[in-house]
Amino acid sequence: MEQTAEGFAATMTPNLGAAVLAALGDCLSDVRVFRDEVTLITTRERIVEVLTYLRDAQEFNMLIDETCVDYLPKEPRFGIIYQLYSISRNIRVRVKVMLSESNRSIATATGVYCAANWLEREMYDLFGINFEGHPDLRRIMMPAGWEGHPLLKESAVKVEEVAFSFNRERVEANKPRAQE
Amino acid sequence: MTIPNLRIEESPKNVVSASDTQLDITFDQLKKLVSPRALTGDNMLLNMGPQHPSTHGVLRLLLELDGETVINCIPDIGFLHTGIEKTAESKTYTKAIVVTDRIDYLAPMICNTAYVGAVEKLMGVDVPLRAQYIRVILNELTRMNSHLVWLGTHALDIGAMSMFLYTFREREMLLDIFEMVSGVRMMSSYFRVGGLWRDIPAGFIDAVRNVIKVFPDKLLDYEKLLKENPLWRERTVGIGVINKEDAIAWGMTGPSLRGSGVNYDVRKAMPYSSYDHFEFSVPVGSNGDVYDRYRCRVEEFYQSLKIIQQALDKLPSGPVITDNRKVAPPPKHEIAYSMESLIHHFKLWTEGFRAPEGEVYFSVESGKGEFGVFISSDGGVRPRRVHFRAPSLCNLQSLPQLSKGCLIADIVGIVGSVDIVLGEVDR
């Protein structure tokens, strides 16, 4: 199913695909096409440059979504996904940056798209990704005193034990309670 | 970490502490968000919510006020965070449909469509035409349901109390239809990967035709009450203005974006579920104020009715779920004589189906804007990651910009006009 550069040029309007490849050729480490969706894979050093080029030269004026995927046990472990949309051309493109387990840090996209603000705060909160230069990087979903990052693969989904008459006391005693 | 009772020592006028804000925030973080006048006590910091009827759920706003003028508005969300994305990761593709209902609980069918659409795209499954048309009918009814709740609460916030009673009366008609098809009024989970749970019951078409017949009169009542009402116009025209460029930059979608004059609707731009078979127009505003966003949503009622009418007239017969046995269970009678069907049934209910490795993004137009689902699959029976692109989150993000310089009384109108549902903001 996966193709590379030729498929990319055919999927997007040909001159656009060629133009993007010509302008960003040295920034891109790979181009993937899956189910007619184009993913440009770049590096953390070049991400702001790539986003700025796509916004200014190729009219991708909307950051629809930005999210993170935890690929554990693969290395590099994290993928930061930018979902861009161009209203005038009516096409989507996805940009992806892989981050290693040891260095969970990337430049913020808020300078290019202000919509990245809360989306990056969410990733900081739920994945522990550090966005350098973000204007207001603090937790957004979890309470400020929360330890850990719930969407990482190592934090497992816990099922609460069902309380019956024979174990009610123990279950009640071990229930996590809200604290002042 | 919160620093309790932090006070600045240098000047006797520095009286604000981080703990005064009631936010989980340190003083250094707070300093970046408010103006220096707030720190000396010249501007007032006022906490609004999360238990406030006009915040449409559990939204908390920290308002910095100079007299009655809002200087800064700092939203605080996360009170309704239920870890829906994490839950979806731990369920098989079919089981996760039920959690998508809970995202936007005013438009569950649209969230279902987005999720099953993403899985269908990932699996490469085709949906029978009849199922697509029924999805369109239910999507549009859901959009009306979502807009009815918005219209009622938005008008109630601004002071038109009777609207709330009327819209909730009409909403019952729609909820009855959802109950008819799925057995549940709100958390319907009626759609399945590859089609629908079952065919529509007898009486469904008559009930929907009744909605089409009755609704225009009801809409006329709403228009009489609000459209030219001088009080309503006073509170909405020219309030909470956002221009085209800013709305796009903040990632606003749906009627909130179209109110600013940008014609972007996923149903037109990238049609899904046969939306390209129907004729309808996309209402677009021009001023980007509360009134234009209100007009866009009310006009959408008429377009929804138009789409439903066409879908009913053209509703084809045939199966309502794909015959691809890898994703859809075989009919019960087949299990009695077909070995393969028995195996498929057993595999689907014990293990689920495996999706190919890859990543897809699929989006639909919900009542609030572009509702997108991003799925990353590792080839197993559970997704590696499911992410929901919530339109309410991105629309709410622009609230500080929308409310800058407005009066405190207009905050409720502006919050209402971006149409948020907190289940979707926090997920």
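Which residues of helix H3 (residues 47-56) of chain A are buried? In this predicted model, the buried residues of that helix are Ile47(A), Val50(A), Leu51(A) and Leu54(A). Seen down the axis of H3(A), these buried residues fall within an arc of 95 degrees, and they therefore line one face of the helix.

Of the 180 residues in chain A, 35% are buried. When the contacts in chain A with a separation of 6 or more are considered, 50% of them are accounted for by residues 24 or more positions apart.

Chain B is divided into two parts, namely domain 1 (18-76) and domain 2 (84-323 + 353-426), and the centres of these two domains, taken over C-alpha atoms, are separated by 31 Å. The contact between them takes 15 residues from domain 1 of chain B and 17 residues from domain 2 of chain B. On the side of domain 1 that touches domain 2, E2 and E3 of chain B each supply at least two residues, and E3(B) gives the most, with six residues. Sorted by class, this side of domain 1 has eight nonpolar, six polar and one charged residues.

Chain B also holds an open sheet of three strands in the order E1-E2-E3, with antiparallel pairing. In general, the strands of a sheet pair through backbone hydrogen bonds, either parallel or antiparallel. The edge strands of the sheet in chain B are strand E1 (44-48) and strand E3 (69-76), each of which pairs on one side only, and neighbouring strands are turned by 20 degrees against each other on average, direction ignored. Strand E1(B) and strand E2 (residues 60-66) of chain B pair in the antiparallel sense over five bridges, and Met44(B) stands opposite Leu65(B) in E2(B).

The two chains also meet, with 40 residues of chain B in contact with 33 residues of chain A. The elements of chain B that give two or more residues to the side touching chain A are helix H1 (27-33), helix H3 (84-89), helix H10 (244-249), strand E6 (358-365), strand E7 (370-377), strand E8 (385-389) and helix H16 (391-397). By class, the side of chain B that touches chain A has 16 nonpolar, 13 polar and eleven charged residues.

Conventions:
Residues numbered from 1 in each chain as written. Chains lettered and ligands numbered in written order. Predicted model: local features only at pLDDT ≥ 70, side-chain atom pairs only at ≥ 80, totals over all residues. Contact = placed C-beta atoms within 7 Å. Helix = DSSP H or I, 4+ residues; strand = E, 2+ residues; numbered from the N terminus. Nonpolar A, V, L, I, M, F, W, Y, C, P; charged D, E, K, R; others polar. Buried ≥ 20, exposed ≤ 12 C-beta atoms within 10 Å, placed from the backbone. Pairing = 2+ DSSP bridges. Axes fitted to C-alpha atoms, helices over the stretch in contact; angles between N-to-C directions. Arc of directions from axis to C-beta. Domains from an automatic or database assignment.
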